[in-house]
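Please read them beside the sequence and the coordinates.

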Amino acid sequence: MIDSHTVKKSLVAIIGPTAVFVAFLSAWYAVAYSLDNNFSPASGKPMIVPPPHRLFEDFSGTVRDRIFTALAISTRTALTGLAISAVLGVLLGILMAQAKWIERSLWPHLIALQVTPIIAIVPLMIRLIGANFTARVAVTVIISIFPIVSNTLFGIQSVPQGLRDLFKLHNCTRLTVLLKLQLPYASPAIFTGLRVSAGLAVIGAIVGDFFFTRGDPGLGQLITFFFLNNLSGPMFITALFATLLGLMLFLGFGLVNRVVVGRWHDSSTL
Amino acid sequence: MTSVLEFIDVRHQFADSTQALDITNLQLNPGEFVSIVGPSGCGKSTLLRIASGLLAPSSGSVIRNGSLQFVFQDSTLLPWRTVRKNIALNLELDDVDKQEVDRRIDNVLQLVSMQDSAEKIPRQLSGGMKMRTSLARALVCEPDIFLFDEPFSALDEFSRERLNSDLRSILARINAASLFVTHSISEAVFLSDRVLVMSPRPGHFIEEFIIPFGSLRSDELRYTPEFASLTGRIAAAFRGARQ
């Protein structure tokens, strides 16, 4: 039997986001028609900001094909970058957790990497890598790696002293402690980092597109193309697909978190 | 009789030069249950960490004749493992054969009355059940020495008394020695063969009490005049130590 508390909780979970979404759509309509207050459909001129119900008017034929192709390319860039960030980030987090001097040696450089504006290192990257797919993946890694490193380190360092003592009493090797204690204990934190990084990886893939124009065009290049050709509708649809890609990756990691972490931590029930 | 654990002129000083411990002599005999009571910060936990080998003393020597298990103040269970798998952890880390692990776990689950909760994870357990699991994880290794660092301090009075009774009856069946640190004098008297009272820092023993109640003790013991009298004498020594 469903109790009133559960019903109330479910209603709050539905009503809250729906209300915000309706407010967002209302604001969108307000902006769309206030910018084009003399708009007439008969004029054939595109609106600066098309209202939501007119977004998909141009979503057919070549536009649709170009968006799907760009989506596939950006997905490949984001996933490749995210995979590299995940492996490298977890390894760096583990390495930094091994000794204070390693942590202190690497932290300043990671923070420097995190705060450096990508545009400042674009010329260097073009020199070193070129303006291609690899460069776009590199940008994705630079943008998305930090939360994975910091969360892995935080998760490992959060292991309670009593548990560490328990393993110490058995003279366990570092590898045993890592595999049987530290990584499982840190897994909720690592997955939180991965979920944040998943969104950042999509941003990285699109931002990379703006800077590196050689190779197959991703969503970023397509947004630029639609913007330059005054195609507001397709430009907004492309942005919408970029958002959906980020959302899918975020939810995907949420599901993996639920499978891997299981029922022992609150994060897996979100 | 060869003692299973012996401290000889053990002193310990922390990194900030605080003198934490000054134990001239401590002997723990096979099958004996010794409790240590003393004011907060007197070095009781430091003494246990040195006894277990987790901490090396600044000077003096510790002789251990037998295997050892530590039961911590927190239950220190791995939150992703079931009760059964948590109990198996110590054996797993010691590379004990899988069949032997299963056999021993079945026995110990019965011993701590946790058969029905074997497949639960720690967040589904009460504080008392978590501590039973922690106790089972130590018992399953069949050690010669148990070190207890205030294991029941976070429990309510009722759970604490039940676990005291259960621990006493479990240990009466095996020939293991125990060194038990607690703040509760009545707990120390109920469980122990000997109670040692420690002074404030640097911790050393100022008085020893022999507990004459035999190996099998019923819950009613706590309400006898003899128990009250002994508890009162230890409390007086404890108060003296704090001043």
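1. In chain B of this predicted model, the strands β2-β1-β4 form, in that order, an open sheet of three strands with antiparallel pairing. Strands here are DSSP runs of E with at least two residues, helices are runs of H or I with at least four residues, and both are numbered from the N terminus; two strands count as paired if DSSP finds at least two bridges between them. Because β2 (19–28) and β4 (59–64) of chain B stand at the edges with a single partner strand each, one side of each is left without a neighbour in the sheet. From one strand to the next the twist averages 15°, where axes are lines fitted to C-alpha atoms, for helices over the stretch in contact, and angles run from 0 to 180 degrees between N-to-C directions.

2. Within this sheet, strand β1 (residues 5–13) of chain B runs antiparallel to β4(B) and is joined to it by five bridges, with Leu5(B) standing opposite Arg64(B) in β4(B). Helix α1 (residues 44–52) of chain B packs on the sheet and touches β1, β2 and β4 of chain B, while its direction makes about 120° with that of β1(B); contact means heavy atoms within 4.5 Å.

3. On conventions, residues are numbered from 1 along each chain as its sequence is written, and chains are lettered from A and ligands numbered from 1 in the order in which they are written. Local features need pLDDT of at least 70 and side-chain atom pairs count only at pLDDT 80 or more, whereas totals for chains, interfaces and linings use all residues, and side-chain values use heavy atoms, with hydrogens and water left out.

4. The other sheet to look at in chain B is an open one of six strands, ordered β5-β6-β7-β3-β8-β9, whose pairing is mixed. Its edge strands are β5 (68–71) and β9 (205–210) of chain B, each of which pairs on one side only, and neighbouring strands are turned by 15° against each other on average when direction is ignored. Strands β6 (residues 145–149) and β7 (residues 177–181) of chain B pair in the parallel sense over five bridges, and Ile145(B) stands opposite Ala177(B) in β7(B). Helix α4 (residues 127–139) of chain B lies across β5 and β6 of chain B and runs at about 170° to β5(B).

5. Which residues does Thr82(B) contact, leaving aside its neighbours within four places in sequence? They are Arg263(A), Ala118(B), Glu119(B), Lys120(B) and Ile121(B). Thr82(B) is placed in the loop between β5 and α2 (83–93) of chain B, and counts as buried because its relative accessibility is 12%, buried meaning under 20% relative accessible area, exposed over 50%, and partly exposed in between (1.4 Å probe, protein chains only).

6. The whole structure holds 19 salt bridges over all chains, a salt bridge being a side-chain nitrogen of Lys or Arg within 4 Å of a carboxyl oxygen of Asp or Glu. One of them joins the side chains of Arg11(B) and Asp22(B) at 3.1 Å, N to O; since Arg11(B) lies in strand β1 and Asp22(B) in strand β2 of chain B, the pair ties together parts that are 11 residues apart in sequence. Arg11(B) is partly exposed at 34% relative accessible area, and Asp22(B) is partly exposed at 24%.

7. Arg103(B) forms a salt bridge with Glu100(B), with the closest N and O atoms 2.9 Å apart, and both residues lie in helix α3 (residues 98–111) of chain B, three residues apart, about one turn of the helix. Arg103(B) is partly exposed at 41% relative accessibility, and Glu100(B) is partly exposed at 24%.

8. For the salt bridge of Glu161(B) with Arg222(B), the closest N and O atoms are 4.0 Å apart. Glu161(B) lies in helix α5 (residues 157–173) of chain B and Arg222(B) in the loop between β9 and α7 (225–242) of chain B, so the pair ties together parts that are 61 residues apart in sequence. Glu161(B) is partly exposed, with a relative accessible area of 23%, whereas Arg222(B) is buried at 12%. Salt bridges that share partners also join Lys180(A), Arg81(B) and Glu92(B) into one network.
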